[in-house]
Amino acid sequence: MRITVTVDGTKYTDDVEPRTLLVHHLRERVGKVGTVVGCDTSNCGACTVHLDGHSVKSCSVLAVQADGCEVTTIEGLARDGQLHPVQQAFHDNHALQCGFCTPGMIMQSIDLLADNPDPDEQAVREGLEGNLCRCTGYQNIVKAVRDAAKHMSPGAGPEAEK
Ligand code: FES
Ligand code: FES
């Protein structure tokens, strides 16, 4: 099937098999390898992207379901050489070790901050419960998300996508 998906602001038209998962399309055809596969079974959240402004696990979406949609990946967040506030907060708070979970954590964090701009610790932990990290123990991830909330301005970043 021929599909057209706008990824990080650029339109890509490709022929795909109906069974192709969005995450494989993004990585193998579009070249967005910042979106990673941890499990392929919708358990780990490493593959999280935004589909029309809302986070999805891209291993649980078929590429054909994204036809005509806008996808934002971790690679589309930085603008004009500036990290997105959530990327900056992860950096500042040492919220990653191996970094494998980080693209999905950041995409999911942006989504949760769009829904709740000032989450308490419990709200962050619940908002990220579908994203697994094997390294950090989550403490600094929670700190980073709450720190990012202080630096997010209305109308910037994820809010603008919604
Ligand atoms: Fe999609 Fe793990 S690769 S949830
Ligand atoms: Fe290694 Fe999260 S930093 S899995």
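Modeller: Two residues are in contact if their C-beta atoms, placed from the backbone, lie within 7 Å. This is a predicted model: local features need pLDDT of at least 70, side-chain atom pairs count only at pLDDT 80 or more, and totals for chains, interfaces and linings use all residues. Residues are numbered from 1 along each chain as its sequence is written, while chains are lettered from A and ligands numbered from 1 in the order in which they are written.

Colleague: What covers the buried residues of α1?

Modeller: The cover includes β1 (2-7), β2 (10-15), β3 (48-51) and β5 (70-72). Helices (H or I, at least four residues) and strands (E, at least two) are DSSP runs, numbered from the N terminus.

Colleague: Which residues of α1 are called buried?

Modeller: In α1 (residues 22-30) they are Leu22, Val23, His25, Leu26 and Val30. Buried means 20 or more other C-beta atoms within 10 Å of a residue's own; exposed means 12 or fewer, and partly exposed is in between.

Colleague: How do you know that they line one face of the helix?

Modeller: Seen down the axis of α1, the buried residues fall within an arc of 165 degrees, so they line one face. The arc is that of the directions from the helix axis to the C-beta atoms. An α-helix has 3.6 residues a turn, so residues three or four places apart point the same way.

Colleague: Why is Asp40 called partly exposed?

Modeller: Asp40 has 14 C-beta neighbours inside 10 Å, so it counts as partly exposed. Asp40 sits in the loop between α1 and β3.

Colleague: What makes β1 and β2 a pair?

Modeller: Strands pair if DSSP finds at least two bridges between them. β1 and β2 have six, in the antiparallel sense. Arg2, for one, has Asp15 of β2 as its bridge partner. β1 and β5 run parallel and are joined by two bridges, so they meet the cut-off of at least two. There, Thr6 is partnered by Glu70 of β5.

Colleague: Which side chains of β1 are buried?

Modeller: Ile3, Val5 and Val7 are buried and point to one face.

Colleague: What are the bounds of the two domains?

Modeller: Domain 1 is 2-75 and domain 2 is 85-161. Such bounds come from an automatic or database domain assignment. Between them, 16 residues of domain 1 are in contact with 12 residues of domain 2.
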